[in-house]
Amino acid sequence: MPGEILRIQQPRHHKAKVCIWADLEISHVESLMAANGPEEIKRILSDLFKLTDYHDNLASAILLDLYFYTVQFALDHNFDKEQLSAFFSIVKKTHKVCSETPFGNVEQCYEYFKELVLCHAVKRPPWSVNQFSPHQVKLITDYVLNTYFRHMKLYKYVFTPMVRLDLSMSYLGMPPTPPPSQVAEDEKPDELLEETEQADMEQEGGEEEKTEEEVPQDEESPAHQELRQLITSQLNGEIEKLRSSLNEQIHLNDEALQQKLTLVDGGASGGKSSRNSSKSRKK
């Protein structure tokens with residue numbers, strides 16, 4: 001609805017759990033393992049996750065590439081059916097957490113990814129299962145770090161909305177600012193077109209010499225006048241304070257200078273009188 005303020009999801013912590021067969025069932029995994037090539041794998045994945053418009057939709061194409069290379073990595077490293085399903089769900093859930101908010105949540109995503117891997121690498125039922133060996137854990141971690149997390153900002157750019165801040169301010173004791181005026185609804189496009197054509201004709205057939213006309217200034221609203229008066233009075237008060245402080249400082253500097261001059265003159269006259277007395281004694 002127009003005017004509705006949408007709440008944007010803030011970065012948050014997610015609790016990991018075992019996700020074998022969560023996104024790919026055993027029949028889906030068997031179809032992927034029996035596929036004859038990359039195109040058939042992409043076709044199976046696009047049908048499963050409703051990404052059939054990947055030829056025209058760039059977001060669908062990027063997501064399909066993410067799924068395809070995840071499956072291809074599992075097939076290249078001879079993962080079994082359970083491992084392929086678990087690894088695919090780990091990547092898919094990590095991407096879901098990444099794209100749930102446009103704000104930076106790389107720490108939350110990485111912590112969630114590590115917990116997901118641990119849930120499938122440590123035998124502690126029912127909270128975790130020993131699905132991956134330590135070597136496979138290292139392979140999975142290196143692959144996801146060098147592919148997904150390295151391009152995490154690009155995924156955010158594609159799959160998260162752009163956030164724009166509209167800031168409004170209200171002052172105590174002042175009426176709210178009225179919304180900007182809109183074009184009258186009864187103004188017809190034909191009339192606007194006629195006025196535009198007439199203005200163009202007048203401009204073409206006008207005189208070469210242009211006369212400057214004074215543009216009337218828009219009258220200020222009472223709220224703006226009151227605000228202007230308030231700011232002016234405040235500035236005048238501050239200026240008077242600065243002026244009085246400056247005059248007082250100048251007066252103090254003058255007094256100090258006069259005292260120094262008086263001391264200098266007194267010292268000079270005293271020195272002359274002492275020299276005259278010494279000369280008279282010598283005579």
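**Entry 1: terms and model.** Angles between axes under 35 degrees count as roughly parallel, over 145 as roughly antiparallel, 65 to 115 as roughly perpendicular, and the rest as oblique. I note that this is a predicted model, in which local features need pLDDT of at least 70 and side-chain atom pairs count only at pLDDT 80 or more, while totals for chains, interfaces and linings use all residues. Residues are numbered from 1 along each chain as its sequence is written, and side-chain values use heavy atoms, with hydrogens and water left out.

**Entry 2: helices α2 and α3.** I looked up how helix α2 (residues 38-48) packs with helix α3 (residues 58-76): the angle is about 125°, and the axes are 10 Å apart. The two helices, α2 and α3, are therefore oblique to each other. I recorded the contact (heavy atoms within 4.5 Å). From α2 it involves Pro38, Ile41, Lys42, Leu45 and Ser46, and from α3 Leu64, Asp65, Tyr67, Phe68, Val71, Gln72 and Leu75. The residues of this contact of α2 with α3 comprise eight nonpolar, two polar and two charged.

**Entry 3: threonine 101.** I found threonine 101 in the loop between α4 (81-98) and α5 (106-119). Threonine 101 has a relative accessible area of 0% and is therefore buried (under 20% relative accessible area, with a 1.4 Å probe and protein chains only). A polar atom of the side chain of threonine 101 lies 2.5 Å from the backbone oxygen of glutamine 9. Apart from neighbours within four places in sequence, threonine 101 is in contact with Gln9, Gln10, Pro11, Lys156 and Thr160.

**Entry 4: whole chain.** I noted that 23% of the 283 residues of the chain count as buried.

Conventions:
Axes are lines fitted to C-alpha atoms, for helices over the stretch in contact, and angles run from 0 to 180 degrees between N-to-C directions. Helices (H or I, at least four residues) and strands (E, at least two) are DSSP runs, numbered from the N terminus. Ala, Val, Leu, Ile, Met, Phe, Trp, Tyr, Cys and Pro count as nonpolar, Asp, Glu, Lys and Arg as charged, and the others, Gly among them, as polar. Buried means under 20% relative accessible area, exposed over 50%, partly exposed in between (1.4 Å probe, protein chains only). A polar contact is a pair of N or O atoms within 3.5 Å; within protein, one must be able to donate a hydrogen and the other to accept it, and residues adjacent in sequence count only if both atoms are side-chain atoms.
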